[in-house]
Amino acid sequence: GNNTLKVPRSMHKINRRSVIQNMLAAGAHDNGFVFVKGGESSCRHDSDHEDVFRQESNFHYLFGVAEPDCFGGFALGTSQSVLFVPKLPEVYATWMGPIASKEDFKRKYEVDEVCYVDEIASFVAGLTPSTVYVYSGVNSDSK
């Protein structure tokens, strides 16, 4: 809320570096790439009413992104971070206001690069990582 402490975006960069250090210490390939999926938007009962969105917790920890339908990643050897955002049609602005640019997302979330979701495959292929690490499974604390 408005009266809570502000969390600096740099905290998420520190969190990513900590994950990198832990993964490398555990034997992950230093030419690897970590790929994380954010939370998905949903609508109620086949209508145009959007449910209240809550970001996927691990994605929020690593990137601090508030918007739905995003992905993120970072290179283990260089710590280079990338945020993948949906490419919204121009008509979206008619109902929802101005559409944020890739530069807007880059500035807001302090990542090294921003690409559109439809560019994920070509971006990752261009890195030629030895391994792509993906988060999957159920949090053991949630069982």
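Which residues of the largest nonpolar core touch the most other members? I looked this up first, keeping in mind that the model is predicted. The core has 18 residues, and Phe59, Phe63, Val65, Phe74, Leu83 and Val85 touch the most other members. I then asked which elements supply them. At least two core residues come from each of β1 (33-37), α2 (57-63), β3 (81-85), α4 and β4 (113-116). The largest share is from α2, with 3 residues. I noted the general background too: nonpolar side chains tend to be buried together in soluble globular proteins.

Next I picked Phe63 and listed its contacts, skipping neighbours within four places in sequence. Phe63 touches His12, Arg16, Gly72, Gly73, Phe74, Ser81, Val82, Tyr109 and Val111. I also found a second, separate core of 9 residues. Phe71, Cys115, Ile120 and Val124 are among them.

I searched for cavities of 30 Å³ or more and got a count of 1. I wrote down the lining: Lys13, Arg16, Arg17, Ile20, Phe74 and Ser79. Helix α1 (residues 10-25) gives the largest share of the lining, 4 residues. I sorted the lining by class and got 2 nonpolar, 1 polar and 3 charged residues.

**Open space**

I turned to the largest pocket, with a volume of about 430 Å³. I found 21 residues in its lining. Glu67, Pro68, Pro86, Leu88 and Tyr92 lie nearest the centre. Two or more lining residues come from α3 (92-96) and from α4. The most come from α4, with 4 residues. By class, I logged 12 nonpolar, 2 polar and 7 charged residues in this lining.

**One lysine**

I ended with Lys106, which sits in helix α4 (residues 102-109). Is Lys106 buried, partly exposed or exposed? Its relative accessibility is 31%, so I put it down as partly exposed. The cut-offs I used are under 20% for buried and over 50% for exposed.

I listed the contacts of Lys106 beyond four places in sequence: Val111, Asp112 and Val114. I looked again at Asp112. Its backbone oxygen lies 3.3 Å from a polar atom of the Lys106 side chain. Last, I checked Gln55, 51 residues from Lys106 along the chain. The C-alpha atoms of Gln55 and Lys106 are separated by 18 Å.

Key:
Residues numbered from 1 in each chain as written. Predicted model: local features only at pLDDT ≥ 70, side-chain atom pairs only at ≥ 80, totals over all residues. Heavy atoms only, no water. 1 Å grid on protein atoms, 1.4 Å probe; cavity = no way out; pocket = protein on both sides within 12 Å on 5 of 7 lines; lining within 4 Å. Points joined across faces, edges and corners; volume = space filled by probe spheres on them. Nonpolar A, V, L, I, M, F, W, Y, C, P; charged D, E, K, R; others polar. Buried < 20%, exposed > 50% of the residue type's maximum accessible area, 1.4 Å probe, protein only. Contact = heavy atoms within 4.5 Å. Polar contact = N/O pair within 3.5 Å; in protein donor to acceptor, adjacent residues only side chain to side chain. Core = buried A, V, L, I, M, F, W, Y, C linked by side-chain atoms within 4.5 Å.
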